Every structure is written in structure tokens, then in C-alpha cells.
Amino acid sequence: MKYISTRGGIDPIDFSDSVMMGLATDGGLILPENIPTVSEDTLKHWARLPYQDLALEVMKLFASDISEELLEDLIKRSYSTFDHAEVTPVVEFGDLYILELFHGPTYAFKDVALQFLGNLFSHLLSQKGSFMNILGATSGDTGSAAIYGVKGKDNIDIFILHPHGRVSPIQALQMTTVEDENVFNLAIEGNFDDCQTVVKTIFNDLDFKNTYRLGAVNSINWARVLAQVVYYIYAALKLREAGTEDPIHFSVPTGNFGDIFAGFVAREITGDLIGRLILATNENNILTRFVLEGRYQKGKVVPTLSPSMDIQVASNFERYLYYLFGRDGKIVKLTMDEFSRTGIITIDKEQLCLVRKTFSSASINQDETVDTIRRFYKRYSYVIDPHTAVGVAAAQRLRAELPPGPIVCLATAHPAKFPGAVRKAIGREPQRPYGLQGLEGKKQRYKVLPPNVDEVKKYIKSVGLKDL
Ligand SMILES: Cc1ncc(COP(=O)(O)O)c(C=O)c1O
Ligand SMILES: N[C@@H](CCOP(=O)(O)O)C(=O)O
């Protein structure tokens with residue numbers, strides 16, 4: 001399998017090179033040259049596999065330059081840190097299913113991909129005898145998951161930008177209390193979009209990227225998306241094995257469009273197994289407006305109770321546009337250049353029809369989010385986090401307009417990461433799992449910086465060029 005850029009400006013490269021490249025050197029996002037599809041017989045075989053074995057089957061379709069033995073070892077090690085034997089179990093609640101994605105070390109779905117990516121980076125770097133400075137932006141969860149994926153590894157330093165004061169206090173502590181010397185937290189005086197813009201601008205400075213050997217942990221890195229494809233297929237096949245014949249719909253709390261794009265890829269691979277993808281947003285609803293109106297128009301970022309989704313410019317949306325625009329890199333490039341100038345992308349009616357065959361969408365406000373946590377708890381004695389609640393509320397609102405089929409809601413984070421929102425809903429904070437206890441007593445390390453590319457570069461330069 002070879003990899004290309006959404007903007008058509010790179011020669012095809014191998015999986016390993018695409019992982020190291022992160023953002024494509026032409027400013028686009030990396031995608032496989034094609035998305036393989038599998039037969040019904042293969043799906044029947046996959047349905048009987050444990051999570052790790054399924055991950056191997058799916059990933060080997062895309063990582064053809066990595067030996068099966070190595071891939072298997074990376075997968076086994078990556079998921080040995082999870083506290084559930086099934087890695088991402090599916091739990092039934094009345095007419096909905098919850099796909100629990102928070103059993104990894106930092107209690108959010110990001111661990112599924114970042115435990116794997118941390119191990120993959122480490123392997124590729126030691127093979128080359130090389131070193132990498134990871135640069136990433138977070139609205140709360142990618143940061144800690146990436147840090148936990150690489151902390152203490154001696155061929156990697158990691159620089160994570162988070163919006164100062166705009167992630168939950170526990171999310172901030174998860175990042176800033178890590179003691180390993182290869183971890184650098186930058187608290188940016190701005191919002192997540194500012195952090196992401198700084199990171200992407202720095203990646204587009206190819207001299208700087210090469211000199212400082214920058215690597216990406218955000219979902220601009222294709223390996224992130226790939227690892228997330230697995231749990232959609234795993235959950236859908238679980239329901240298929242349990243006797244469901246209709247296509248399985250997924251409700252996905254969405255911000256940067258990485259997770260739901262993984263759902264799109266899973267849907268392409270598996271034919272009719274997966275039905276509609278419900279794109280659930282909070283008040284930062286640029287993507288909902290796109291699905292409803294065919295217009296992708298930047299607004300202002302609004303802080304909400306689901307802060308990890310407080311995003312306007314969705315990084316992976318460009319990957320979807322590539323498919324929507326008939327895999328034409330030139331059109332994608334023109335469209336993205338236009339978007340940089342005007343802040344608007346508009347599609348025609350035919351394209352909007354295509355969008356709506358795949359996606360349904362709803363925007364859920366904060367009162368609805370709190371109410372959903374409350375009602376779910378009252379009915380099932382099960383606490384969902386505010387991001388998951390956005391997905392559950394969207395599923396409940398849209399159910400009547402979907403074709404027949406069960407809905408699986410992605411539980412993207414453990415509720416204990418967002419005690420404030422949970423307290424609002426049920427009058428008490430959720431029980432903290434072991435890994436989130438005692439954070440407040442620990443020493444914090446972070447540097448406050450303005451949302452300024454030169455300041456961030458200066459900081460990286462001051463600590464980031466190791467002699468090997
Ligand atoms: C808990 C949680 N839910 C949902 C999302 C949205 O996912 P994505 O950015 O892949 O759309 C995020 C952030 O990525 C998150 O941290
Ligand atoms: N919500 C994310 C934002 C970054 O998204 P990514 O999937 O591109 O890493 C976060 O928690 O940081």
C-alpha cells in the first residue's frame with residue numbers, strides 16, 4: 001500500500017514514511033492510494049477474532065512495509081496497557097449501545113491510537129538510529145494520550161500545545177504533572193484552533209521540520225486514523241455476531257473529524273456492515289452546518305462543557321473532501337487555498353446528497369448535554385461524560401430519521417475527566433479511577449506562551465536538538 005497527499009503534491013510513499021512525515025510536505029493530509037474492501041467471508045472470520053487479532057488483520061492491509069510479526073508485537077504491547085480484556089467493549093443500554101473507548105492509560109479514546117503510535121515511532125526511530133521531536137496540539141485528550149505514549153522514550157522529545165485554561169483541570173494535570181524529562185507542555189494563550197494553526201504552520205516550514213526532526217501525533221498522522229478504524233469494525237461485528245442483520249449506525253462526538261473519518265474508512269472497508277455515521281457536535285457546530293446546509297463556514301470558538309470538541313477548523317475534514325471531490329487533489333488544493341482566504345467552503349446539491357448518504361448530524365447545546373447525562377444516569381445508573389452525552393443526545397434526536405438498525409454511541413472519555421459537568425447533571429462527581437487519583441498534589445511543569453509561531457519555534461530550538 002502506498003500513500004499520497006489530499007493535495008496531490010507528493011510522490012507515493014510507504015506506510016512507515018507516511019508515519020514519519022505526519023503532515024504531507026505539500027501541506028495536505030496523507031491518505032492511502034486506495035481503501036481496500038473485504039468480502040463477507042472475511043468479515044465472518046474477523047467477527048470471531050479478539051480485538052488485537054482483528055487490529056492485526058485490519059492494519060496489515062495498510063501497513064504493507066511492516067512485517068506481520070512486528071505489527072503483531074506492536075499491537076500486543078500497545079493494548080497490554082488497557083484495563084479491559086476486550087480493549088473497547090460494547091455495552092447495551094436499552095435501544096442504544098455504548099462503545100467504551102476509555103480503558104487506556106489516560107481514559108480517553110485517543111489511547112487506542114497513541115499507545116500504538118508511540119511504540120511504532122520508537123521502533124522506526126531505533127531502526128534508523130534517529131531522534132524525533134514530536135509537536136502536537138490538544139484540546140485536552142490527545143495531549144495526555146500522546147505524552148503517555150512516548151514519555152521516558154529516549155529517542156523522542158514531545159512538545160504539546162494546549163489552550164491555557166480551556167481544558168478541564170484534570171486534563172491539564174494529566175499533562176503537566178508528568179515528570180519525564182522528554183515532556184514539554186506549552187500552555188498557549190488562545191483556543192485550540194490557535195494551537196493547531198501554530199502546529200500546522202510549523203510543520204509547513206519544511207526547513208524547520210527537517211532540522212528539528214518533527215513528528216506528528218495529531219490525527220494528521222494517518223497511523224492515528226488507522227488504529228481508530230479497528231474499533232468501528234470490532235463493534236459492528238460484535239452486533240452482527242449477536243444476530244443484527246441491519247447496518248449498524250454509529251454516533252460520534254466530533255471536533256477535529258479524526259474519529260468519524262476513521263468510521264468513514266471502516267464503512268468503506270466493510271461494505272454494508274456500517275450504516276449512517278451520526279456527526280454529533282456541541283455548540284461549535286461548523287460540521288453540523290455543513291451536513292445540513294452544504295456550507296462549511298468558520299465561526300468563533302465557544303467554550304463548552306465538552307471542551308475537547310471546542311474546535312472550529314476540523315483538521316481531517318480535508319481527508320473527507322478528497323473523496324467527496326472525486327479524489328481530485330487539484331480541486332482539494334484549490335478549495336483549501338480558497339478556504340484560507342475566505343473561511344468558507346460551499347458544495348453543490350449533488351455533493352450534499354452524497355454527504356447525507358453517509359452522515360446525519362445534530363448539534364447539542366450544553367443544557368441538552370447535562371440533561372442527557374442526568375437522564376442516562378437515572379435510567380441506567382451509568383455515568384457518561386459530556387462528550388459521550390453529545391453523541392447519545394444526537395442519536396436520540398436523529399433515530400427516527402435513520403434507516404432501521406442499531407445505534408452504537410462512542411464513549412470517547414471517562415466521565416471522571418469532566419467532574420464539573422457530571423456534578424451539574426447528577427449532583428456528585430464520578431468515582432475517579434486509580435490513574436486519575438492524586439494528580440492535584442503533584443508538581444506541575446508547563447510554559448505559558450502566546451499563540452505565536454516564532455515564540456514556539458524559539459522554545460523548541462532552546463531545548464530540542466539532541467546530539468545522538
Ligand atoms: C473526549 C473527546 N470526544 C470527542 C472528541 C472529538 O474527536 P475528533 O477530534 O476526532 O473529532 C475529542 C477530541 O478529539 C475528545 O477528546
Ligand atoms: N480533541 C482533540 C483535538 C486534537 O485532535 P486530534 O485527533 O487531531 O489529535 C484533543 O483532545 O486534543
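Which residues are buried in H13? They are Phe317, Glu318, Arg319, Tyr320, Leu321 and Tyr322. The model in which they are found is a predicted one, and the sections below begin with the confidence attached to it.

## Confidence of the model

The chain has a mean pLDDT of 97, and 99% of its residues reach 70 or more. For the complex, the predictor gives an ipTM of 0.99 and a pTM of 0.97.

## The N-terminal region

In an unreviewed entry, UniProt lists residues 2-79 under "domain: Threonine synthase N-terminal". Over this stretch the chain is 50% helix and 8% strand.

## Surroundings of the ligands

Ligand 1 has 18 residues around it. Those that come nearest are Asp141, Asn256, Gly258, Ser308 and Thr412. Helix H11, residues 258-269, supplies the largest share of this shell, with 3 residues. By class, the shell around ligand 1 consists of 6 nonpolar, 10 polar and 2 charged residues.

Around ligand 2 there are 13 residues, of which Thr138, Asp141, Thr142, Asn218 and Ser219 come nearest. The most to this shell is given by helix H6, residues 141-150, again in the form of 3 residues. The shell around ligand 2 contains no nonpolar residues; it is made up of 12 polar residues and 1 charged residue.

## Lysine 110

Lysine 110 lies in helix H5. The UniProt record, an unreviewed entry, places the feature "modified residue: N6-(pyridoxal phosphate)lysine" at Lys110.

Is lysine 110 buried or exposed? Lysine 110 counts as buried because it has 34 C-beta neighbours inside 10 Å, and the cut-off for a buried residue is 20 or more. Residues up to four places away in sequence being left out, lysine 110 touches Asp141, Thr142 and Ala145.

## The nonpolar core

The largest nonpolar core comprises 146 residues. Within this core, the residues with the most contacts are Leu99, Ile158, Val229, Tyr232, Ile233 and Cys409. Helix H10, residues 222-241, gives the most to the core, with 15 residues.

Neighbours within four places in sequence being set aside, leucine 99 is in contact with Thr88 and Val90, with Tyr231 and Ala235, and with Val408, Cys409, Leu410 and Ala411.

Helix H7 spans residues 169-176. Because 6 of its 8 residues are buried, helix H7 is largely enclosed by the rest of the structure. The buried residues of H7 are Ile170, Gln171, Ala172, Gln174, Met175 and Thr176. They pack against H6, strand S6 (156-163) and strand S7 (183-188).

Helix H13, residues 317-324, also has 6 of its 8 residues buried, so it too is largely enclosed by the rest of the structure. The buried residues of H13 pack against strand S2 (30-32), H11 and helix H14 (329-342). Just after H13, glycine 326 takes a positive phi of about 65 degrees.

## Residues in loops

Valine 87 lies in the loop between helix H4 (68-79) and strand S3 (90-93). Although it is not a glycine, valine 87 has a positive phi of about 65 degrees. Valine 87 is buried, because 25 other C-beta atoms lie within 10 Å. Arginine 213 belongs to the loop between helix H9 (206-211) and strand S8 (214-216), and its phi is likewise positive, near 50 degrees. With 19 C-beta neighbours inside 10 Å, arginine 213 counts as partly exposed.

Glycine 129 is found in the loop between helix H5 (110-128) and strand S5 (132-137). How many other C-beta atoms lie within 10 Å of glycine 129? There are 8, so glycine 129 is exposed. Glycine 129 and asparagine 155 are 26 residues apart along the chain, and their C-alpha atoms are separated by 8.4 Å.

Methods
Residues are numbered from 1 along each chain as its sequence is written. Chains are lettered from A and ligands numbered from 1 in the order in which they are written. This is a predicted model: local features need pLDDT of at least 70, side-chain atom pairs count only at pLDDT 80 or more; totals for chains, interfaces and linings use all residues. A residue is near a molecule or strand if its C-beta atom, placed from the backbone, lies within 6 Å of it. Helices (H or I, at least four residues) and strands (E, at least two) are DSSP runs, numbered from the N terminus. Ala, Val, Leu, Ile, Met, Phe, Trp, Tyr, Cys and Pro count as nonpolar, Asp, Glu, Lys and Arg as charged, and the others, Gly among them, as polar. UniProt positions are given in the numbering used here, feature names are shortened, and annotations may be inferred rather than shown by experiment. A nonpolar core is a set of buried Ala, Val, Leu, Ile, Met, Phe, Trp, Tyr and Cys residues joined through C-beta atoms within 7 Å. A residue is buried if 20 or more other C-beta atoms lie within 10 Å of its own, exposed if 12 or fewer, and partly exposed in between; C-beta atoms are placed from the backbone. Two residues are in contact if their C-beta atoms, placed from the backbone, lie within 7 Å. pLDDT is the predictor's confidence in each residue, from 0 to 100.
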